[in-house]
Amino acid sequence: MKKIQPIWEAIRRFWRNKHLTKILLLILLTLLLLTILFFAFIAATANVETLKEGLKQSTVIYDKNEEVASHLATNRSEGISIEELPDYVKNSIVAIEDERFYEHNGFDVKGIARAFFKNLFAGRITGGGSTITQQLTKNALLSSEKTYKRKIEELFLAVEIEKNYKKDEILQMYMNQVYFGSGAWGIGQASNKYFNKNAKDLTVSEAALLAGLLQSPSGRDPFKYYDRAIERRNVVLGKMKEHKMINDSEYKKAISEKIELEEGHGSFIERKYPYYVDAVLDEAINQYGLTQEEIFTRGYRIYTEMDQDLQSNLEKVYERDSLFPRGKGGVLVQSGAVLLDPQSGGVRGLVGGRGDYVFRGFNRATHIKAQPGSTMKPLAVYTPALEEGYKATSILKDEPMNFGDYRPENSSKQYGGDVPMYKAIEDSLNIPAVWLLDQIGLDKGLDALKRFGIPLEEEDEYLGIALGGMHKGISPMKLAEAYSTFPNEGRRHDAHLITKIVGPTGNIIAERKKKTVKVTSKTVSKQMNSMLLNVVESGTGEATKINGVQIAGKTGTTQLPYKDINGTKDQWFVGYTPNIVGAVWLGYDQTDREHYLSSSTTKTVVPLFREIIENSLPYIEKENFSTKSVNEKLAQQEEQKEVQQTIKESAEKIKEELPKWKEKLMDVVDELDQFGDFLKDKWNNTFNN
């Protein structure tokens with residue numbers, strides 16, 4: 001201890017002499033000042049003057065050209081003016097949500113202190129302490145994440161809002177956009193939803209019940225949890241009495257009032273291109289952390305990859321029942337389709353079903369998980385095989401064989417013995433695909449699928465993955481994303497709909513970060529394009545052929561679980577030009593012994609895909625692949641062989657005739673010599689005489 005004492009004293013002297021305490025305090029105060037300035041700058045640059053108008057606007061969906069494609073509008077319209085409402089309606093909300101609303105300047109110091117210590121003891125942000133102005137700020141301008149940075153932003157923006165709007169204007173904006181549950185946004189919709197009346201006709205008790213829903217709209221839904229809603233109503237009434245917003249007699253009358261619920265119209269949702277727009281909602285919620293309530297109440301501008309021409313034509317195709325197999329027992333044969341730009345991964349159009357549509361219902365373009373059948377062969381087998389040095393003309397085995405306990409069969413039950421790779425793909429033969437995967441190794445096939453972005457389960461790790469044998473399966477959008485690798489020279493961009501989301505004051509709420517994966521080489525992609533062009537030219541996808549248009553693609557089917565029935569469960573076609581990739585699924589939502597596809601892909605999904613592409617051609621830039629089909633290459637090779645053979649035969653014939661020509665030439669030379677001698681004699685005789 002005595003040895004340490006001198007060292008400690010030296011440190012203390014140094015600390016005092018260098019004024020380190022003052023320096024540290026100065027640094028801390030500087031950092032604090034910079035932080036305050038930073039958040040003050042954010043608040044000052046936020047265009048809060050447009051907030052009131054922004055909240056009146058519906059959320060707008062824009063297409064790839066930043067032109068309006070659709071509006072997300074509910075019947076809340078512009079809401080209700082606060083002057084129309086009895087004082088007790090607004091007071092019920094103030095009493096339970098922010099009792100000092102008319103006293104503070106945007107934030108409540110007491111509330112913040114209480115929330116701070118609550119969060120401190122909890123060890124995390126649990127919420128609380130927010131004024132009505134802060135809640136409006138959070139709901140209208142900020143994300144719903146619970147971080148200290150977001151809370152600080154909320155404080156500064158709340159102060160800025162208080163500078164620009166009167167208290168009743170702030171309360172009116174809050175009341176008209178806040179969510180009351182059961183699809184009701186705003187006090188007007190809530191009054192209609194729960195009591196089938198105008199908000200100005202609410203009783204004190206009814207107003208208190210609605211105000212009580214704000215803390216937990218679903219947990220206190222009076223249609224489901226009446227007692228909980230009444231319990232919270234009583235708390236609100238107690239607060240109103242405490243703050244002299246109602247007197248004793250009004251309190252007694254309200255708390256004894258029997259609430260009679262009468263469900264009204266609620267809200268309806270208008271939007272164009274419903275399947276695409278609902279997929280946009282899914283992406284905004286699942287990938288960017290927004291809520292459905294935020295999207296419908298904040299007046300966002302959502303920019304997407306939609307091509308309205310392609311989307312409109314895709315929807316028109318799906319309205320033509322004649323293009324689809326006739327359903328059985330009144331059940332529709334369902335389908336989902338996606339059109340995707342391979343250069344960006346942007347989804348240009350999608351349709352997720354046929355028949356009646358439910359808001360944010362089952363979308364067969366994005367939600368379905370179906371076994372992809374033979375569409376997996378190019379991804380799981382032939383691409384990694386080419387990477388291992390195989391060629392389109394490499395010979396594969398096509399004969400009945402077992403792979404342990406696994407015994408695949410060709411769908412035709414016919415086998416050719418040996419078959420070149422391009423022919424195995426063209427005719428969608430099963431045995432060569434499984435045999436080849438076994439030859440190159442299952443791990444290489446699984447690795448390729450991961451690079452293509454295909455989600456795998458542990459149960460998928462067997463040779464049957466060559467034929468699309470998956471535990472869960474994939475969606476048309478995921479399949480289109482995987483195949484976009486081939487026309488994009490081996491690179492894959494993640495399939496997406498949204499590019500950015502802009503808030504009501506012009507702040508960017510979310511923006512897509514580009515994700516590109518190098519799946520395979522440019523050379524391998526060209527080889528796959530060459531073989532998949534064959535599928536459409538002369539293989540299982542021949543019914544897709546359009547004169548003057550190069551289309552590559554692959555069919556896929558999954559078999560029924562019933563051995564005594566001849567048919568298929570799922571049918572697929574995924575095809576592409578250099579500028580667009582399309583994937584189509586066809587089948588029943590629930591397959592059983594009565595509901596299955598009895599016709600082959602050549603009569604159903606393949607001509608359906610052709611119709612989609614044919615309708616899309618006017619809006620797709622025409623371009624040819626940088627490679628030719630295997631058919632063309634082989635035909636050219638055959639022509640070259642014929643030319644070479646002709647040259648060879650001509651050369652041999654010349655070689656054979658050469659001695660004869662030489663002999664004739666020598667005779668001519670002799671005759672010329674004799675003629676020369678004759679002329680010479682004549683000349684001499686003439687001059688001598």
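Patches are made of residues with over 30% relative accessible area and no salt bridge, where like charges are joined within 9 Å and nonpolar side chains (Val, Leu, Ile, Met, Phe, Trp, Tyr) within 5 Å. A salt bridge is a side-chain nitrogen of Lys or Arg within 4 Å of a carboxyl oxygen of Asp or Glu, and accessible areas come from the Shrake-Rupley method with a 1.4 Å probe, with only the protein chains shown counting as cover for residues. The model is predicted, so that local features need pLDDT of at least 70 and side-chain atom pairs count only at pLDDT 80 or more, whereas totals for chains, interfaces and linings use all residues. Residues are numbered from 1 along each chain as its sequence is written, and side-chain values use heavy atoms, leaving out hydrogens and water.

**Surface patches**
- I4, I7, W8 and I11 make a nonpolar surface patch of about 430 Å², and W8 of this group is placed in helix α1 (residues 4–17).
- W8 counts as partly exposed because its relative accessibility is 49%, the class between buried (under 20%) and exposed (over 50%).

**A covered helix**
- Helix α20 is mostly covered, with 7 of its 8 residues buried, among them P476, M477 and Y483.

**Positive phi angles**
- Most residues other than glycine have a negative phi.
- Y273, although not a glycine, has a positive phi of about 55 degrees; Y273 lies in the loop between β3 (269–270) and α13 (274–286) and is buried, with a relative accessible area of 4%.
- E489 likewise has a positive phi, near 60 degrees, and is placed in the loop between α20 and β9 (491–493).

Note on methods. Helices (H or I, at least four residues) and strands (E, at least two) are DSSP runs, numbered from the N terminus. Buried means under 20% relative accessible area, exposed over 50%, partly exposed in between (1.4 Å probe, protein chains only).
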